[in-house]
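Please read it with the sequence and the model side by side.

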Amino acid sequence: MHLHHLDAPGLAHELLRQIPSYISGYQSLTQQLGMLRSIRARYELVEQFARHWGLSCTG
């Protein structure tokens with residue numbers, strides 16, 4: 001893949017996918033989401049993950 005053809009979000013995603021702790025965190029997130037039934041709890045878990053990795057813009 002040629003990184004110079006990606007927009008900013010695409011580049012960020014490609015770079016994150018190379019970080020082992022992001023990969024393991026994402027795998028853990030998907031496992032935890034599978035165990036949660038509450039939409040609110042699922043939302044909060046995703047938001048926490050996104051904030052940790054700088055993927056959330058809250059104003």
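**Note on the packing of the helices**

1. Apart from its neighbours within four places in sequence, Leu33 is in contact (heavy atoms within 4.5 Å) with Arg42, Leu45 and Val46. This is a predicted model, in which local features need pLDDT of at least 70 and side-chain atom pairs count only at pLDDT 80 or more, while totals for chains, interfaces and linings use all residues. Residues are numbered from 1 along each chain as its sequence is written, and side-chain values use heavy atoms, with hydrogens and water left out.

2. The secondary structure of the chain amounts to three helices and zero strands, where helices (H or I, at least four residues) and strands (E, at least two) are DSSP runs numbered from the N terminus. Along the sequence the pattern reads α-α-α. The radius of gyration, taken over C-alpha atoms, is 13 Å, well over the 10 Å that the globule rule gives for 59 residues, so the chain is more spread out than a compact globule; that rule is 2.2 Å times the number of residues to the power 0.38. Taken along the principal axes, the C-alpha atoms fill a box of roughly 40 × 30 × 15 Å.

3. Of the 59 residues of the chain, 17% count as buried, where buried means under 20% relative accessible area, exposed over 50%, and partly exposed in between (1.4 Å probe, protein chains only). The chain exposes about 4800 Å², of which carbon and sulfur atoms supply 58%; accessible areas come from the Shrake-Rupley method with a 1.4 Å probe, and for residues only the protein chains shown count as cover.

4. Helix H2, residues 20–35, has 16 residues and reaches 23 Å from its first C-alpha to its last, close to the 22 Å expected at 1.5 Å a residue; the expected span is 1.5 Å times one less than the number of residues. The buried residues of H2 are Tyr22, Leu29 and Leu33. They cover an arc of only 30° around the axis, which puts them on the same side of H2, the arc being that of the directions from the helix axis to the C-beta atoms.

5. Which helices do the buried residues of H2 pack against? Their partners are helix H1 (8–16) and helix H3 (39–52). The largest nonpolar core has six residues in all, namely Leu16, Tyr22, Leu29, Leu33, Leu45 and Phe49; such a core is a set of buried Ala, Val, Leu, Ile, Met, Phe, Trp, Tyr and Cys residues joined through side-chain atoms within 4.5 Å. H2 and H3 each supply at least two residues of this core, and H2 gives the most, with three residues.

6. In H1, the buried residues are Gly10, Glu14 and Leu16. They cover an arc of only 165° around the axis, which puts them on the same side of H1, whereas Ala8 and Pro9 are exposed on the other side. The cover over the buried residues of H1 includes H2. Is Glu14 buried or exposed? Glu14 is buried, with a relative accessible area of 15%, and its C-alpha atom is separated by 30 Å from that of Ser38, 24 residues apart along the chain.

7. The 14 residues of H3 should span 20 Å at 1.5 Å a residue, and the end C-alpha atoms are 20 Å apart, which agrees. Leu45, Glu47, Phe49 and Ala50 are buried in H3, and the buried residues of this helix pack against H2.

8. His52 and Leu16 are 36 residues apart in sequence and 12 Å apart in space. Ile39 and Ser21 are 18 residues apart in sequence and 26 Å apart in space, while for Gly25 and His5 the values are 20 residues and 27 Å.
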